[in-house]
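Hi,

Here is the model I promised to send over.

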Amino acid sequence: SAMKKSSSEKRRHVVAWVNKAEWDQVLDYLYSKDPALQRFALQRVSAWRGRYAHNTPVAVDCTADLVRCQVLDRSGQLNGDDLVLLYGAALVRFVNLITERQQGRKARPLRRLAGKLNIPEWVVDLRHDFTHKKLPTLKWCRKGCKVVLEWLQQEYWSRQLGGGADEDWESDSDGEEEDAELKRQESNLLSRQREMEAFKATRDILISYESERYQSLDGPQEDRALAPLADMSWLLGEIKQLSLDSSDLLVDVLLEDGFLVPTVEQLETLGCDPFETPGSSEPRVPQPVLRFWLPLLKMLNSPSFIHLLLEKLFVELKVATAEQTDLRVFYLSAWASEVLLCNSNKFEFRFERKTQKKARMKDRIFMNRIQLRWQQLLSACLDAPCGSTPHLLQLILDDMEHPLPQDTQQKLLQLCSIYTQTPAVEFSLPRDQKHQPIYTLESLHEKRRQQLRHSGERSESSGDLQRMDVLTEKAKVLRGSPWQVCSDKVLWKNFPLGKVPGQSDDPSSLMVETYSAMTVCEQPVEMESSRGQNAPGVPGPARAAEGLIWNQSDVNRLKCGLKLF
Amino acid sequence: MQKNQTLCFRGKCIVTCLYGRVEVMGFTIDEGQKSYPLFSPASHCPLTLRALGHTDYVRDDRTEASNILEDYLSAAASRKKLVKKVTPTSSIILLDPLDTPLTRFLSSFTHLSELFSPPVSELMSTVLDTPLNGLGVIPLASNIEGLKISRSCRDALSTVINACKGDIDGCAVILVYGVKNVGKSTFIRILINTLLNHTSNVDYLEGDLGQTEFTPPGCLCLSTVKEPLLGPPFTHQVTPDHMIYYGQSSCETDLDGYLESLKSLWRRRPQSREIPVIINTMGWVKGFGFQLLVDLIRFLPVTHVVQLSHGVSTQCSSLTPDFLRTAQGYQTHPTTQTALDEFTESHCPPKTYTHLHVQSEFEGVARQGTATHQRSNEHRELLLLGYLSQLQSDDSGPVRPLHTLTPYQVPNTAVALGVIHCEVAPSHMFYAVNASLVGLCCLAEKVTSKGGPVILSQATLCPCVGFGVLRGIDTARGLYFLLTPVDPSVLRKVNCLLLGAISLPSCILTEQPGFESEMPYVTADYSFDLTGAGKIRVFKGLMRPMYQNTHFL
């Protein structure tokens with residue numbers, strides 16, 4: 001069935017550029033060979049570093065450092081020796097940082113790592129010269145810089161933002177990624193193949209079971225449901241073994257169409273009307289279908305199997321509801337209901353006659369109460385809302401070992417019936433609560449309309465009004481300061497963070513044309529100058545008892561505090 | 001609960017002690033005391049409620065309990081059933097579901113929807129199917145130890161408590177240090193809670209930039225603690241008395257700035273205050289980090305120094321008064337006999353204080369958590385989300401995403417803009433700060449513009465009153481739009497916005513509902529598979545070939 005989720009939605013990541021246009025502009029300018037444009041791009045990358053904090057992509061950092069060398073080189077302001085040192089730092093950082101991700105748990109030679117990445121060997125040698133040998137010549141520096149920038153453009157910039165898989169900045173994946181990835185794929189393939197084979201084998205056994213049962217249907221009436229036929233015991237043994245080895249798989253196959261969920265043809269063969277049942281809010285499995293499967297289920301009724309079956313029934317129910325396959329929805333919920341009913345100890349059965357009881361027991365999958373993980377079933381049930389959910393929910397709630405408080409049960413059931421839009425369910429509630437209305441969306445709407453009419457409010461809900469009050473109050477407090485509560489008539493919910501009304505998508509829209517630079521005296525922090533005895537510059541009372549009286553920064557502070565008339 | 005019975009759990013609830021006495025994280029709750037919120041998310045060690053039983057006097061337990069319960073249990077039958085189990089040492093607690101703007105805000109993000117559920121490692125130990133599950137509490141089986149308080153920890157706590165009760169003159173000043181992940185902040189929470197059993201206030205000086213207790217990360221602050229800390233830091237974000245935005249989650253870039261900030265915060269504390277002070281420090285106990293500790297002990301009038309360590313080896317030298325005499329600090333130096341020192345010593349005798357050693361024994365000590373929600377960057381993200389949850393209104397309506405809120409506005413000529421952690425060209429400044437987290441600061445100088453926005457040529461460490469999200473910039477009108485939970489009466493005074501290396505949690509940007517396609521600073525097309533696409537990767541414990549097959553393995 002269509003169990004696989006389409007992974008069409010790619011993960012979103014936060015990046016430093018506002019949009020693709022800004023990225024394209026920076027890329028263009030970095031590789032423009034025009035020092036003015038390159039400088040512009042470098043300044044923008046400095047802003048990106050501000051946004052990224054410690055998460056700037058290594059390739060962006062390295063590109064910027066190398067372009068900076070080129071710009072300074074072309075400016076003609078530095079001499080050759082200066083430049084060699086600059087190039088050296090940028091190239092060493094490039095080789096080390098870019099190969100870092102290739103490192104495994106053990107340190108490996110840079111040459112090998114760089115080779116894997118298609119970085120020319122002589123670039124690695126150049127790095128080695130910088131760190132351990134005589135400084136290379138400026139000519140080699142320039143050549144190295146040029147080649148590495150080309151490499152970065154090819155391997156990173158031109159391939160980026162064109163789609164790809166996702167891995168997070170934060171996730172610390174291990175090195176040896178490629179090898180591991182290959183191995184993973186291989187073993188995935190192998191295990192999938194094994195899975196397919198097991199699946200097919202399970203299917204075959206269950207089909208044999210079915211054909212055995214159909215054959216026995218033609219036999220005498222009495223045998224149909226009772227003691228499994230002798231020749232079936234071998235088959236049942238097989239299935240039992242299967243359930244021990246891989247109960248997961250067995251349940252999966254059982255819940256495929258054509259097994260516990262019968263096809264139309266199967267239903268007709270069993271003498272059931274396939275179009276009669278669906279839509280019921282309290283579904284039960286038709287007796288012929290139930291009896292058809294009883295021999296198998298009775299043999300498999302261990303608590304863990306029953307629990308697994310229930311869980312998977314709900315999982316499949318969720319899928320089926322979404323796909324609106326009515327027959328499937330009906331049978332899945334009917335089986336869930338059947339299993340849950342086996343577990344219940346409803347006292348209405350206490351006074352039945354022996355023959356009644358015997359008849360009832362005959363059609364039960366198991367006799368003794370099973371301790372299920374009710375909390376999990378509760379979530380599974382609520383996770384698969386459909387028309388019969390209130391009924392199933394009721395069965396679970398009734399059967400819990402430690403029942404939820406009455407009012408919680410009631411609320412859950414009410415919420416559930418609202419959500420699934422089913423008609424009122426009968427709750428097992430105290431009498432006085434029984435007459436409380438069951439809310440539906442319509443009734444809530446109506447109630448709300450009435451309330452609004454009563455309070456005389458027209459357009460705005462009370463929550464909005466309350467918020468308006470809060471904003472007015474805030475505005476009042478801010479009066480006289482440059483701060484205000486924004487009073488523009490803006491529907492802020494239409495503007496994501498970082499965007500304001502009227503802002504263009506042009507990547508230059510946030511440039512600051514003119515600005516006032518402000519220099520604050522490099523002084524140690526002084527809080528609001530309310531404390532009279534603590535004039536700036538005078539050491540506080542908690543002065544160090546040992547060591548120097550004034551350190552360098554104290555002296556700076558003193559200097560700052562000095563006023564010369 | 002019977003005496004010494006415990007309830008270790010995941011989830012959240014409000015606890016009220018109806019009868020008897022219980023203890024959580026060192027804090028005792030007596031019957032009749034007010035209710036407290038408890039938070040036990042998967043990100044931290046689970047909380048344990050322990051029944052202490054009532055104090056010694058004799059009482060008619062059953063009738064009294066029955067009377068108390070009348071208000072809470074209307075059904076006489078169940079009340080009777082419960083009262084039957086009450087003995088003189090029993091405690092009865094009431095757990096209510098807890099639903100706050102914080103929890104609602106956090107659960108609105110997909111990756112945090114299971115934050116208050118047990119982590120995978122505890123799934124086998126969860127006790128499901130109890131009436132508690134319905135109200136948001138999932139008990140853990142006894143094989144989960146919860147917080148283990150070692151013998152040395154108990155001893156240290158009682159020494160400090162006794163000191164605060166009056167064994168020393170003035171107030172106790174307790175500095176806590178130890179290597180990263182050794183449990184400093186957990187120890188401090190227990191210490192503060194224990195102190196709050198005896199005193200109504202405790203002062204707290206924050207010195208750990210990465211794992212802050214009351215503020216977003218990257219801040220140093222001085223706080224007065226009045227309420228017990230019954231959950232991890234992100235559940236009790238409060239406005240401190242004084243705060244400085246340092247702008248980084250570690251202090252190595254500016255050691256002087258770090259020390260100066262702490263000194264200046266200390267000077268803000270009224271010297272006459274007679275309540276205990278707890279000082280938390282960075283988990284950096286090597287090299288310069290150790291020297292900073294030496295400085296702090298010299299600068300601040302500490303009475304107790306608590307060293308936390310784990311395992312057999314202590315991770316650094318013990319900072320005893322003896323050791324301090326000869327220790328090299330970053331700003332201070334060991335005493336040498338000079339005229340000057342004799343002069344100072346006549347005023348202040350050599351430092352004496354009590355050095356206490358605590359052996360940390362909790363599970364996972366000294367290991368950085370690797371499970372979901374337990375990594376330190378996730379903790380920092382939670383701190384910020386905890387802070388930003390204050391933007392949600394108290395009414396229990398649906399969560400309102402940040403971008404839907406009405407912002408404040410301020411002319412860019414009236415507030416200065418600066419970057420703490422790196423250099424950004426002024427003309428490109430808006431590209432760095434738009435849709436970023438900024439510290440709201442107060443410069444002593446007046447901010448005036450000779451035209452255009454005011455840009456700080458060099459950011460300084462200055463008083464910070466809180467944080468905001470620079471929601472957008474209107475370049476045409478020269479306005480900043482800002483979202484902040486800071487009270488407007490305080491916001492009035494803010495004249496400087498500082499950008500630091502503390503970024504907005506990515507989910508704030510990526511999970512803005514209502515936008516199908518383009519959102520600023522968000523893309524689904526960035527590939528991390530390309531070489532160089534990730535951040536600088538720091539290898540911890542990379543093995544060089546020569547160390548192979550030795551003790552590192």
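**Salt bridges, interface and sheets**

Searching the whole structure turns up 33 salt bridges over all chains. Bear in mind as you read that this is a predicted model. One of those salt bridges is within chain A, where Asp125(A) pairs with Arg111(A), with 2.9 Å between the closest N and O atoms. That pair ties together distant parts of the chain: Asp125(A) belongs to helix H6 (residues 121–132) of chain A and Arg111(A) to helix H5 (residues 110–116) of chain A, the two residues being 14 residues apart.

Helix H2 (residues 35–52) of chain A gives the largest share of the side of chain A that touches chain B, namely eight residues. Sorted by class, that side of chain A has 54 nonpolar, 40 polar and 33 charged residues.

In terms of residues, the contact draws 127 from chain A and 135 from chain B. The size of an interface is often given as the accessible area lost when the parts come together. Here chain A and chain B bury about 11,800 Å² between them, and 57% of that is on carbon and sulfur atoms.

Nine of them form an open sheet with mixed pairing, in the order S2(A)-S15(B)-S20(B)-S19(B)-S17(B)-S21(B)-S16(B)-S18(B)-S3(A). Which strands sit at the edges? Strand S2 (484–485) and strand S3 (516–518), both of chain A, each pairing on one side only. Inside that sheet, strand S16 (residues 416–419) and strand S18 (residues 454–456) of chain B run parallel and are joined by two bridges. Leu417(B) has Ile455(B) in S18(B) as its bridge partner.

There is another pairing between the chains to look at: strand S1 (residues 13–14) of chain A goes with strand S22 (residues 522–523) of chain B, antiparallel, over two bridges. His13(A) has Thr523(B) as its bridge partner in S22(B).

Within chain B, strand S2 (residues 21–24) and strand S3 (residues 27–30) run antiparallel, joined by four bridges. Val24(B) stands opposite Phe27(B) in S3(B). S2(B) and S3(B) make a hairpin with two residues between them, and Met25(B) in the turn has a positive phi of about 50°.

Finally, the annotations, both from unreviewed UniProt entries. UniProt puts "domain: Clp1 P-loop" (unreviewed entry) at residues 178–323 of chain B. In the model, residues 178–323 of chain B are 29% helix and 18% strand, with the end C-alpha atoms 16 Å apart. The feature "domain: NOL9 C-terminal" (unreviewed entry) is placed by UniProt at residues 405–505 of chain B. That span, residues 405–505 of chain B, is 9% helix and 36% strand, and its end C-alpha atoms lie 18 Å apart.

Cheers

Methods: Residues are numbered from 1 along each chain as its sequence is written. Chains are lettered from A and ligands numbered from 1 in the order in which they are written. This is a predicted model: local features need pLDDT of at least 70, side-chain atom pairs count only at pLDDT 80 or more; totals for chains, interfaces and linings use all residues. Side-chain values use heavy atoms; hydrogens and water are left out. Contact means heavy atoms within 4.5 Å. Buried area is the accessible area (1.4 Å probe) that two parts lose on being put together, summed over both. Ala, Val, Leu, Ile, Met, Phe, Trp, Tyr, Cys and Pro count as nonpolar, Asp, Glu, Lys and Arg as charged, and the others, Gly among them, as polar. Two strands pair if DSSP finds at least two bridges between them. UniProt positions are given in the numbering used here, feature names are shortened, and annotations may be inferred rather than shown by experiment. A salt bridge is a side-chain nitrogen of Lys or Arg within 4 Å of a carboxyl oxygen of Asp or Glu.
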